[in-house]
Amino acid sequence: MPAFNAERWLAECLKSIFGQTLNSWELVFVDDGSIDSTFEIASRYASTDERIRIFRQPNKGVSAARNLALDHAKADVVAFFDADDVMYSNSLEQRLKVMHATGADVVYAAHDFLDEDSTVTKRCCGQDITSDPLAYLLESPGFALQTVLTRKSKVVEVGKFDESIGHGEDWDLWLKLAEGNCRFAYMPVSVNGYRIHGGSASNNRNKMLFSVINMLRKHRPSNDRSKMLAWRKGIYGVLRAYVWNAWVGRTTVSGYLCEIAKTSFFEPLLPVVFIRECVLRFGRQLKKTAT
């Protein structure tokens, strides 16, 4: 578990892990250069339970923290989790049963969205991608990192988390695992509460989306037409999200075009898709104003 200035929800998160119906777990906790009381809170819990091991590092980012935790994990089966989320009581046990029953290398599940007061605001059921994981994952990230149970050996084999990626490092890992022919299993049951708040990575959408485009470039298929179509859909989906943010966030479309140019991504149809989306949204805006 990586943590950076996570004092607000850390105790709630740790209590949810202590409440697991599966008792044979260890928590490898990495304080990623926090300047609040994150380390002290984690240390207090670790002093009462030897299953918690704590490591500290200068602030290097979430991927470096997760990789450090992987390096120190003793078991081959690992679950990823963040310090502001909540793990439901049978989360580990349910996913482990599915892994044993199916022989999967990666088990993922549905999850709930939580607000700052830990109220469930929405349920995300995800989708079953097991028929062709790579095709699905080229088009969208597929599932939340907090719902994943996987094998450490497989993650290490594909190079762990790419620390050079600012955002989308989890999607990148799923793609690498799929490209490595790992077996996936889906649980349509919500196992965790994923918190959305002002400081969460999910809220930094502009930087996140630009980074994701560069990440997807690494996974461009070469000889498979169906995979290429899925990959293009993924790229276009990210691009449409840019346009949506340009309107909703009241930022300039020209600013987005400049940022996209910086990615050195020269897919010939991308400008066409971008302009089309701009025209469509501008047309809807005019129509709405006229009525």
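**Questions about buried residues, cores and a pocket**

Student: Which residues does aspartate 82 touch, not counting residues up to four places away in sequence?
Tutor: Happy to start there, and bear in mind that this is a predicted model. Aspartate 82 sits in the loop between β4 and β5 (86-87). Leaving out residues up to four places away in sequence, aspartate 82 touches Met1, Pro2, Cys13, Arg66 and Gln146.

Student: What distance does the polar contact between the side chains of aspartate 82 and arginine 66 have?
Tutor: Let's take both partners of this side chain. With glutamine 146, the side chain of aspartate 82 makes a polar contact of 2.9 Å. With the side chain of arginine 66, the polar contact of aspartate 82 is 2.5 Å.

Student: Which elements each supply at least two residues of the largest nonpolar core?
Tutor: Good one! That core has 36 residues, and Phe80, Leu137, Phe143, Trp174, Leu175, Phe184 and Leu216 touch the most other members. At least two residues each come from β6 (106-114), α5 (133-139), α7 (169-179), α8 (205-217) and α9 (225-248).

Student: How many residues lining the second largest pocket are nonpolar?
Tutor: The pocket has a volume of about 610 Å³, and 24 residues line it, with Trp25, Glu26, Val77, Val78 and Ala79 nearest its centre. Among the elements giving two or more residues to the lining are β2 (27-32) and α3 (62-72). One lining residue is polar and three are charged, while the number of nonpolar ones is 20.

Student: What separates the C-alpha atoms of isoleucine 165 and methionine 215?
Tutor: Isoleucine 165 lies in the loop between α6 (152-157) and α7, and its relative accessible area of 11% is why isoleucine 165 is buried. Beyond residues up to four places away in sequence, isoleucine 165 touches Asp172, Ser211, Met215 and Lys218. Isoleucine 165 and methionine 215 are 50 residues apart along the chain, yet their C-alpha atoms are separated by 7.0 Å.

How values were computed:
Residues numbered from 1 in each chain as written. Predicted model: local features only at pLDDT ≥ 70, side-chain atom pairs only at ≥ 80, totals over all residues. Heavy atoms only, no water. Core = buried A, V, L, I, M, F, W, Y, C linked by side-chain atoms within 4.5 Å. Buried < 20%, exposed > 50% of the residue type's maximum accessible area, 1.4 Å probe, protein only. Helix = DSSP H or I, 4+ residues; strand = E, 2+ residues; numbered from the N terminus. 1 Å grid on protein atoms, 1.4 Å probe; cavity = no way out; pocket = protein on both sides within 12 Å on 5 of 7 lines; lining within 4 Å. Points joined across faces, edges and corners; volume = space filled by probe spheres on them. Nonpolar A, V, L, I, M, F, W, Y, C, P; charged D, E, K, R; others polar. Polar contact = N/O pair within 3.5 Å; in protein donor to acceptor, adjacent residues only side chain to side chain. Contact = heavy atoms within 4.5 Å.
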